[in-house]
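Hi,

Here is the structure I promised to pass on to you. Have a look at it first, and then read on for what turned up.

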Amino acid sequence: MRGDSGTDGLTSRRRGQPSPLIPLNRDGTRPMSHRFALVTGGTSGIGAGFARALSADTGLLLAARNAEALNTAKTELEAAGRRVEVLATDLTTDAGRDALIQKAETLEIDLLINNAGSGAFGPVLDNSPEAERATVELNVVATTVLTRALLPGMIERAARDGRRAGLILLSSTAAFQPIPFLGTYCASKSFVLAYGEALATELKRKPVDVLVLCPGPTRTAFGKRAGFALNALPGAADPLDVAREGLQALGRRTVHVHGFGTRNMLRPFLWSRHAASDGLGALLAAFDRGQRAGRTARPSREKV
């Protein structure tokens, strides 16, 4: 259940809504009501953390490029008695995204975790054009295309069954400022942050919870692939801990920054974004209603 779109880790609610405080299981997982979850980039890092942290009664659809890694993950996760589907696909391509959308619709997922991401370390003009494009295709285009294609069905099924769907978008603490030598990556994560915040406001009356998860340095293979050892930085987080925090935050707030110190440092900035987003959302929603009413009331002209 959604909270009041609070963005600083607080859990205040709108009046009349039930409390979202759901106790965690002993292993740190949150009891979930989702039936089937799609996790992109689900074979390593935070994506693999989500696959392990989700409750055992939630079926999984894991998507990644490495078929061998997918089959290994499938075998390990099925040992716990859960249903696991996999799809080896390249989400930087239209064909890869279309194939995943079709499979996800067939399985009637009700939790979408847009986790897959990439980035290249170095000056923009020194990075290959292919690497720069792949960052945008995966972090921005795939996130947008999958969300737009799958959310309508997820919301329709949730409303029909009296349940709630869920959407988790993986952003980063790098989204809050430009970082030279990670320029395209940071810009892509800023897009994910703004996109998720806007979606949460637009969908606040729908049966869907939206969360933008912003981890800092995490012990994953991302840094190695990007050419910058983020996983070696002091205090780098465990990806399973990041995933567990994300699942716990889903339905309580719109933006969750992993790490107590970083979250407190960003709190004033997050509150100002939250206030601006809510204010603009209310204004533009009223404008949209007026536009729709005007189009409905306008009489059609008969030909003479």
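Before the details, one term: two residues are in contact here when they have heavy atoms within 4.5 Å of each other. Please also keep in mind that this is a predicted model.

With that cut-off, which residues does leucine 38 reach beyond its neighbours within four places in sequence? The list is Leu61, Ala63, Leu100, Ala104, Ile109, Leu111, Leu112, Ile113 and Leu150. Leu38 also belongs to the largest nonpolar core, which has 31 residues; together with Leu100, Ile109 and Leu150, it touches the most other members. Several elements give two or more residues to this core: strands E1 (36–40), E2 (59–64), E5 (165–170) and E6 (208–214), along with helices H3 (94–107), H4 and H5 (183–202). The biggest contribution is that of H4, with eight residues. There is also a second, separate core of 28 residues, and Leu54, Leu60, Leu77 and Leu111 are among its members.

Stepping back to the whole chain, the secondary structure amounts to eight helices and seven strands. The protein chain has 304 residues, and 48% of them count as buried. If you take the contacts between residues at least 6 apart in sequence, 67% of them join residues at least 24 apart. The accessible surface is about 15,100 Å², with 56% of that belonging to carbon and sulfur atoms.

Asparagine 115 sits in the loop between strand E4 (111–114) and helix H4 (129–161). Is this asparagine 115 buried or exposed? Its relative accessible area is 13%, so asparagine 115 counts as buried, the cut-off being under 20%. A polar atom of the asparagine 115 side chain lies 3.1 Å from the backbone oxygen of glycine 41. Not counting residues up to four places away in sequence, asparagine 115 touches Thr40, Gly41, Ile46, Gly47 and Leu170.

Leucine 284 is the other one, and its place is in helix H8 (residues 260–297). With a relative accessible area of 52%, leucine 284 is exposed, because that label applies over 50%.

Methods
Residues numbered from 1 in each chain as written. Predicted model: local features only at pLDDT ≥ 70, side-chain atom pairs only at ≥ 80, totals over all residues. Heavy atoms only, no water. Helix = DSSP H or I, 4+ residues; strand = E, 2+ residues; numbered from the N terminus. Buried < 20%, exposed > 50% of the residue type's maximum accessible area, 1.4 Å probe, protein only. Areas by Shrake-Rupley, 256 points an atom, 1.4 Å probe, with all protein chains shown as cover. Polar contact = N/O pair within 3.5 Å; in protein donor to acceptor, adjacent residues only side chain to side chain. Core = buried A, V, L, I, M, F, W, Y, C linked by side-chain atoms within 4.5 Å.
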